[in-house]
Amino acid sequence: MANRVQRPHEEAEFEFILARADVPVLAYFYGVWPKAAAACKDMEPLVREVADVHQARLIVVRADIARCPGPVRRYGITGAPSFVLIDRREVLAAGSAPMSRTALGEFLAAHL
C-alpha cells in the first residue's frame, strides 16, 4: 500500500492542504517529546490504514505540533496524539489520546 498520509513540514503547507481540500481532512497532530513519542509511534500504522481505507472520502494530514503552532492553538490541541476532523475549515469532531482501531473507526463513522 502506498503511504497516503500528507506530511506538511510547516504551518503554511498545512494551511494549503486545508484550503485545497475538496473532502474532509483528518488532521493527526503528533509530538516527539518523550511522553508523546511512544503513543504517537503506536498510532502511525493505524493512521496510514485510515488514509488507505478512506482515500476517496478523506485526506489524512500528519502534523507536528511544534511545526504547526497556529492550527494547534486554533483547534485547542493540548496533547499528542490528537485528531481533528475538519470539513471546509469547520471542525466536525476532535479527540485526544491514543485510539484503538475500533474507536477511530467509530469516530470517523459518526462524522463522515
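How many salt bridges does the count come to? In this predicted model, the count comes to eight salt bridges, taking a side-chain nitrogen of Lys or Arg within 4 Å of a carboxyl oxygen of Asp or Glu as the rule.

One of these joins D52 and R4, whose side chains meet with an N to O distance of 3.5 Å. The pair links distant parts of the chain: D52 belongs to helix 2 (residues 34-53), R4 lies in the segment before helix 1 (11-20), and 48 residues separate them. D52 has a relative accessible area of 11% and is therefore buried, the limit for that class being under 20%. R4, with a relative accessible area of 38%, is partly exposed.

A further salt bridge is formed by R7 and E44, with the closest N and O atoms 3.7 Å apart. Here too, distant parts of the chain are linked, since R7 is in the segment before helix 1 and E44 is in helix 2, 37 residues apart. R7 counts as partly exposed because its relative accessibility is 34%, whereas E44, at 11%, counts as buried. R7 and E44 also belong to a network of salt bridges that includes R62.

The salt bridge between R67 and D64 has its closest N and O atoms 3.9 Å apart.

How values were computed. Residues numbered from 1 in each chain as written. Predicted model: local features only at pLDDT ≥ 70, side-chain atom pairs only at ≥ 80, totals over all residues. Heavy atoms only, no water. Helix = DSSP H or I, 4+ residues; strand = E, 2+ residues; numbered from the N terminus. Buried < 20%, exposed > 50% of the residue type's maximum accessible area, 1.4 Å probe, protein only.
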